[in-house]
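Subject: Handing over a structure

Dear colleague,

I am passing a structure on to you below, and after it I have written out what was found in it. Please keep it open beside this message while you read.

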Amino acid sequence: MLNKKLFKNPNLAPENLHRGLVQPAGLPETACPRCNRRVSSEQLAKAFWVCPHCGLYHKVSARARIALTLDYNSFEEMDKDYASQDPLRFPGYQDKLAQARRQSGEQEGVVTGTGRVDGIPCAFFAMEPGFMMGSMGTAVGEKITRLFEHALRHRLSVLGFTLSGGARVQEGILSLMQMAKVSGAVREHSDAGLFYLAVLCDPTTGGVAASFAMQADIILAEPGALIGFAGPRVIEQTTRQKLPEGFQRAEFQLEHGFVNRICPREGQKSLIAQLLRLHVPPEDA
Amino acid sequence: MSEQTAPVQNIYERVQASRRHDRPDALQFIRAIVPDFIELHGDRRFADDAAIVAGLGTLSGQPVTVLALEKGENNADRLRRNFGSAQPEGYRKTLYQLRQAEKFRRPVLCFVDTAGAACGIGAEERGQGSAIAENLWELMGLHVPVISLIIGEGGSGGALALATANRVYMLDDAIYSVLSPEGAASIIWKDAGRVQEASESLRLTAQDMLDLRVIDGIVPQGQSQAGTLDAARAAMTRALAQLKAIPPERLRRERYLRFRGLGVLIS
């Protein structure tokens, strides 16, 4: 799946796929944040960004998601330049945005567009861990809303990788409003009989977990992903209780009925393709 | 309805005022606005969450569904109602009532007063995120008028689950925020002491909400509590009369476009 051809696009070179995540850009190797063992970027990319030593699922940038999931060269990006305009003039936010842009190489916390999975066309979004951990402000909400509207007009399924700490505090109430806005777009898309598949990645919490992450027709989750409304630290502080082992992880959500399947990265693309194929609108089949 | 606001206060004092126990609670608004209110308990799934009050009654002779986040009337009641922080079963109670409202073409009145949705191990086990997400989904699909009034604290997703409405109003001294200023101070600055600064930066007053087009109007406080309840009744009655004239499909469309217009960017 990951062949030499894939790396011809400089954006998809292994060193760039890592931008801002576990190492500074361009380093040939990295230390796994869990086991601390060193692993080369190429080795990590070939293992779907799962540590070959300890099995930790490294966070995957939006560009790497595209490489892992969509057919080579099939991705056409939408709304590439959409970026937050600091609507509340929140102190320090401009600097934070500039830093996030440098760190991730993206303009905002989500990448949206269209592409194909094993030849099946779909609308696609992947949230960007390197950009304020995928937090949702007006630009993220607007881009995802526009993606669902585009998918509705063109009768496309939506495939979305959620990864977010929740609503972006620096855009205040307007971030909260994005939960309602995106929910409206998801609902319109759904009522037209169209399919939405979500893959919940580590972490999917707060306002994203309380809106479009949990509104998909089928909800998959990556092994070990933290999924929940309140974050574990907040719960611990509020309740002064020790949280049980595995609390809010993907496997816990599966057990409690909120996730349909756990999907490891290996074989993930073929599972997604199979599910998309089962939902091709009848008139297009 | 007016665009006046309460006398100038420091913003954090306002946040604290929005949480005071001597404010009228949701049940007082319900009694004043829907005097024939009949409470209906339970979510038909798991439990009855006392943080959510739901039921039926009439406004201007029109049958309505009433949903409220209720903080409690005294100390014992506040404990029983978890201070207005609803569990997932509370949001499944509203979900069940929203579906009933759609079936019987009943307008929905919501009263919002919460620090936020309940936070805890049980709430997570029973899917707090999913429960709120389902409410937003359901509200976006309704063909009946939905009117929300924030009467004290409008805290985060737990408030939004009852405020995804055709019209949203706020009492002039209520607040509406993505998270508490205390939470914002500790997340952004890792310093709970900067709560005053956080309160100002978040833009959480009724006037801020009107300026940002997040709400449709401010309900002025009366000289007395009765005056405030009268103003709230007048605002809701007027909104209901306006919305009843709009065809069902357009009501749904307008609700979507209302939120669709918040945070639009020019590329």
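Of the 285 residues of chain A, 53% count as buried, where a residue is buried if 20 or more other C-beta atoms, placed from the backbone, lie within 10 Å of its own. Please bear in mind that this is a predicted model, in which local features need pLDDT of at least 70 and side-chain atom pairs count only at pLDDT 80 or more, while totals for chains, interfaces and linings use all residues. Residues are numbered from 1 along each chain as its sequence is written, and chains are lettered from A and ligands numbered from 1 in the order in which they are written.

Chain A has 10 helices and 10 strands, these being DSSP runs numbered from the N terminus (H or I of at least four residues for helices, E of at least two for strands).

After H6(A) comes A:Gly193, whose phi is positive, near 80°.

The two chains also meet: 47 residues of chain A are in contact with 42 residues of chain B, contact meaning that the C-beta atoms of two residues, placed from the backbone, lie within 7 Å. To the side of chain A that touches chain B, H6(A) gives the most, with 15 residues.

In chain B, strand E4 (residues 108-114) has 7 of its 7 residues buried, so it is largely enclosed by the rest of the structure. From E4(B), B:Val108, B:Cys110, B:Val112 and B:Thr114 point one way, whereas B:Leu109, B:Phe111 and B:Asp113 point the other way. Two strands pair if DSSP finds at least two bridges between them; strand E3 (residues 62-69) of chain B is joined to E4(B) by 4 bridges and runs parallel to it, with B:Val66 opposite B:Leu109. On strand E5 (residues 146-155) of chain B, which is also parallel to E4(B) and joined to it by 6 bridges, B:Leu149 stands opposite B:Phe111.

Definitions and conventions: Buried ≥ 20, exposed ≤ 12 C-beta atoms within 10 Å, placed from the backbone.
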